[in-house]
Amino acid sequence: MEGTRRRGARLRLALAGAATIALLGPPAWMWQDSLMPGAYSVMDMGYADYGGALTHVAAADTSAHGSHAEHSGHSAHPASARSLTSLTADPDRAADVVITLVARRQRFRLAGGRSVDGYTLNGASPGPVVHAAVGQLVQVRLVNESVPDGITLHWHGVDVPNAADGVAGVTQDAVGVGRSFTYRFVAGQAGTFWYHSHQVSHEQVRRGLLGALVVTPAARPPAGTADVVALLHLYDGVRTINGREGDVHAEARPGERVRVRVINTENGQTPVWVAGAPFRLAAVDGTDLHEPAPVRDTAAMVTAGGRADIEVTMPEDGSPVRVHIGGPAGVVLGSRSYDVPAVPRPATSLDLLSYGTRAALGFDPDRPDRRFDYEIGRRPGFLDGRPGIWWTINGHMFPDVPMFVVAEGDVVRVRIVNDSGEPHPMHLHGHHAVVLSRDGVRATGSPWWVDSLEVGAGESYDIAFVADNPGIWMDHCHNLPHATEGLVAHLMYEGVTTPFTVGGTAGNEPE
Ligand SMILES: [Cu+2]
């Protein structure tokens, strides 16, 4: 139990009664109490939340109660703990897709001519589209030529091995100027994903350290289909698609089926709608929906950090189709002509709670091993000495937030409640969760698997996932300024440790 207690220890033991002192003490105490140490391990952050499985752990001493007893035994013996650096793709397997990405701080031009002071990968932003077929091993060597704060790459939506997750201070050190880091992971699921820096991410993502990752089914795409990436990003407040202001044109023949992969790299959700043809929402966050019906005069909402694959069948008469992405501009599909007028955003939006038809989940979410609450609030206080109105998680302010502890194989349920007055796009690393209900209304449509879930002000969601990817994983708001304001927690597997620290000589600053 010693290891369990150690990991559950608060960051500042000397101020274990911090909550009481903060309530009763003068503001100077609160200010001093909030100061973060120069380096800290996320393992020592906040307090352990075992999701109701604590009784199982406690019972382990007197009875062999299945896997929990076994895992409790593991944490009692640090010698059996695994560093997350060992959680990698098979080191003996040769890579199928090999890429080098060189990051630079530079002034660059968007397609269309506007000059931007930011960051590039291989001389451009967005960086190159990384393509892989499902099952292939992807190997990306990231080289930092000139980004002063250091960089990482996080593979957003890909359930990579933990050591490849790219979170500075949690799964690696930030890659300093003149250094490199190699990411290796198997592209286990066909779908639309993206990559971005997770070092000073609120600034580095905004200024361009990002790109698309497309994993296609192993089979060659059937004849008569086309595939278009549409990565939405704002540079200096200017809305772009694939780094271009205004429309992106893509060739599509009459009768052809087209998949437009919309990637929302922004901090707020965005609507997508289609003029000139009905569409189906074929996939969300890299997972195909089950039997999605064609719709028209309807918008699909894409969560910040999320993806939506819009499938359109081109009209037989050869007329073009406009896929609006957040506004008048978008992807215009055509062959002879790209002349299709913009139409206003439809009044109705797709509700994914009831879109498509039911299918098996592959596990039983009604028999969870752990149940967690992730209740988001807001209150005045100090965060690292800064006064402000900060986010809270289960009533606690960063860094005294819960550490959600699971064991490998657990079925995990999480109730996300948003009482903070603002929407939050919640992003769990390393896993996909299925939405069970919203505001108590059960999902009746296609299994709705997410890695980025818009939780509106006043809303609550029940989600579930299988803990099948050991490691230490961020579970945070992907409105990246909100993450800097303390809306960050972690999911930790029993028996997994990290040697990395936030802060320290590498200057790790994941948010
Ligand atoms: Cu948020």
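1. The structure, a predicted model, holds nine aromatic pairs. Rings of Phe, Tyr and Trp (its six-membered ring) pair if their centres lie within 6.5 Å; planes under 30 degrees apart count as stacked, over 60 as edge-to-face and the rest as tilted.

2. Phenylalanine 363 and tryptophan 449 form a tilted pair, because their ring centres are 6.1 Å apart and their planes stand at 50°. This pair links distant parts of the chain, 86 residues apart: phenylalanine 363 is in the loop between strand 23 (348-349) and strand 24 (370-383), and tryptophan 449 is in strand 32 (residues 449-450). Strands are DSSP runs (E, at least two residues) and helices likewise (H or I, at least four), numbered from the N terminus. Phenylalanine 363 is buried at 16% relative accessible area, and tryptophan 449 counts as buried at 19%; buried means under 20%, exposed over 50% and partly exposed in between (1.4 Å probe, protein chains only).

3. Phenylalanine 372 and phenylalanine 404 make an edge-to-face pair, with 5.0 Å centre to centre and 65° between the planes. Phenylalanine 372 lies in strand 24 and phenylalanine 404 in strand 27 (residues 402-406), so the pair ties together parts 32 residues apart in sequence. Both phenylalanine 372 and phenylalanine 404 are buried.

4. One aromatic cluster is formed by Trp155, Phe181, Tyr183, Phe185 and Tyr195.

5. Residues are numbered from 1 along each chain as its sequence is written. Local features need pLDDT of at least 70, side-chain atom pairs count only at pLDDT 80 or more, and totals for chains, interfaces and linings use all residues, while side-chain values use heavy atoms, leaving out hydrogens and water.
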